[in-house]
Amino acid sequence: MTDLRNTPVALPSQGAPFAIRAERASDVAAREALLDACFGDNRHERTCQRLRDGRAPAEGLALSAVRRGRLIGTVRLWHVSAGGVPALILGPLAVEQSCRKLGVGAALMARALAAAIERGHRAVILLGDAPYYARFGFSTAKTADLILPGSFERERLLGLELQDGALDGAWGMIVPTGASASKARGVRGRKSARLVPHAA
Ligand SMILES: CC(C)(COP(=O)(O)OP(=O)(O)OC[C@H]1O[C@@H](n2cnc3c(N)ncnc32)[C@H](O)[C@@H]1OP(=O)(O)O)[C@@H](O)C(=O)NCCC(=O)NCCS
């Protein structure tokens, strides 16, 4: 299993290293501010948001990048059915403006994909810029017959098979299948309560 405790990532030339770790509840305010800055106030109206509304991210697949104790990047993956084929949808991925081109985005992607593989997930889909995501293996090769619940640019719907053939026959609407956010909070709350004695 991927170890998501703070793992320092050396920066080749500039500044302090950053770490990738599991997202925490205390990240919420900084994460929301980062997403507002990156995607604007109307980000909740984007088509991919329809796949996230009211849902919890897939277990273990919400990650934060932190530098000097400050959140500088985020990525999440979500359960979907891609025309009947189980998959994850990745997004949003965002890195604070002042920390870009330092490999933070690549580190978030690498860690997220490794964690998805280790958890047995078979395919990842996203809506994004092919020139960026091609370096991680994403392409339109297996997404031509998929559609999203809203308007989208076909050339930005990209897929990556974590297991060969995972997106074979993926045809039709991509729909959310993850746990509801409130249920997931309840489960986590109960888990935390059970964990309290161990934390002492
Ligand atoms: C995309 C993003 C997450 C990349 O983060 P990052 O930490 O700068 O990424 P990395 O350091 O791993 O990679 C940087 C490289 O990707 C390139 N790149 C960044 N965004 C790109 C894009 N949309 N298309 C093509 N290349 C892109 C950079 O030019 C840079 O290239 P270089 O290595 O040749 O200098 C960041 O630019 C960001 O948050 N953008 C705003 C939100 C966004 O667009 N999210 C993705 C949705 S498609």
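## Salt bridges

In this predicted model, the side chains of R50 and D53 meet in a salt bridge with an N to O distance of 2.8 Å. R50 is partly exposed at a relative accessible area of 34%, and D53 is likewise classed as partly exposed, at 37%. This pair belongs to a structure that holds twelve salt bridges.

A salt bridge also joins the side chains of E161 and K142, at 2.6 Å from N to O. The pair connects distant parts of the chain, since E161 lies in strand β9 (residues 157–161) whereas K142 sits in the loop between α3 and β8 (146–147), the two being 19 residues apart. E161 counts as partly exposed at 21% relative accessibility, and K142 counts as partly exposed at 30%.

Salt bridges with shared partners join E23, R31, E32, D36, R43 and R76 into one network. R31 is buried, with a relative accessible area of 4%, while E32, at 29%, counts as partly exposed.

## Surroundings of the ligand

Around the ligand there are 17 residues, of which V95, K101, G103, G105 and D129 come nearest. The shell divides into ten nonpolar, three polar and four charged residues, and β6 (94–95), α2 (104–118) and α3 (130–133) each supply at least two residues to it.

A polar backbone atom of G105 is 2.8 Å from a ligand oxygen, a polar backbone atom of A106 is 2.9 Å from a ligand oxygen, and a backbone N or O atom of L102 lies 3.3 Å from an oxygen atom of the ligand. Taken alone, the ligand exposes 870 Å², and the protein buries 68% of that area.

## Aromatic pairs

The structure holds four aromatic pairs. In one of them, the rings of Y132 and Y133 have their centres 5.2 Å apart and their planes at 80 degrees, so the arrangement is edge-to-face. Y132 is partly exposed, with a relative accessible area of 26%, whereas Y133 counts as buried at 10% relative accessibility.

Y133 also pairs with F136, in a tilted arrangement with 6.4 Å from centre to centre and 55 degrees between the planes. F136 counts as buried, at 17% relative accessibility. Ring pairs link Y132, Y133, F136 and F138 into a cluster.

How values were computed:
Residues are numbered from 1 along each chain as its sequence is written. This is a predicted model: local features need pLDDT of at least 70, side-chain atom pairs count only at pLDDT 80 or more; totals for chains, interfaces and linings use all residues. Side-chain values use heavy atoms; hydrogens and water are left out. Rings of Phe, Tyr and Trp (its six-membered ring) pair if their centres lie within 6.5 Å; planes under 30 degrees apart count as stacked, over 60 as edge-to-face and the rest as tilted. Buried means under 20% relative accessible area, exposed over 50%, partly exposed in between (1.4 Å probe, protein chains only). A residue is near a molecule or strand if one of its heavy atoms lies within 4 Å of it. A polar contact is a pair of N or O atoms within 3.5 Å; within protein, one must be able to donate a hydrogen and the other to accept it, and residues adjacent in sequence count only if both atoms are side-chain atoms. Accessible areas come from the Shrake-Rupley method with a 1.4 Å probe; for residues, only the protein chains shown count as cover. Helices (H or I, at least four residues) and strands (E, at least two) are DSSP runs, numbered from the N terminus. Ala, Val, Leu, Ile, Met, Phe, Trp, Tyr, Cys and Pro count as nonpolar, Asp, Glu, Lys and Arg as charged, and the others, Gly among them, as polar. A salt bridge is a side-chain nitrogen of Lys or Arg within 4 Å of a carboxyl oxygen of Asp or Glu.
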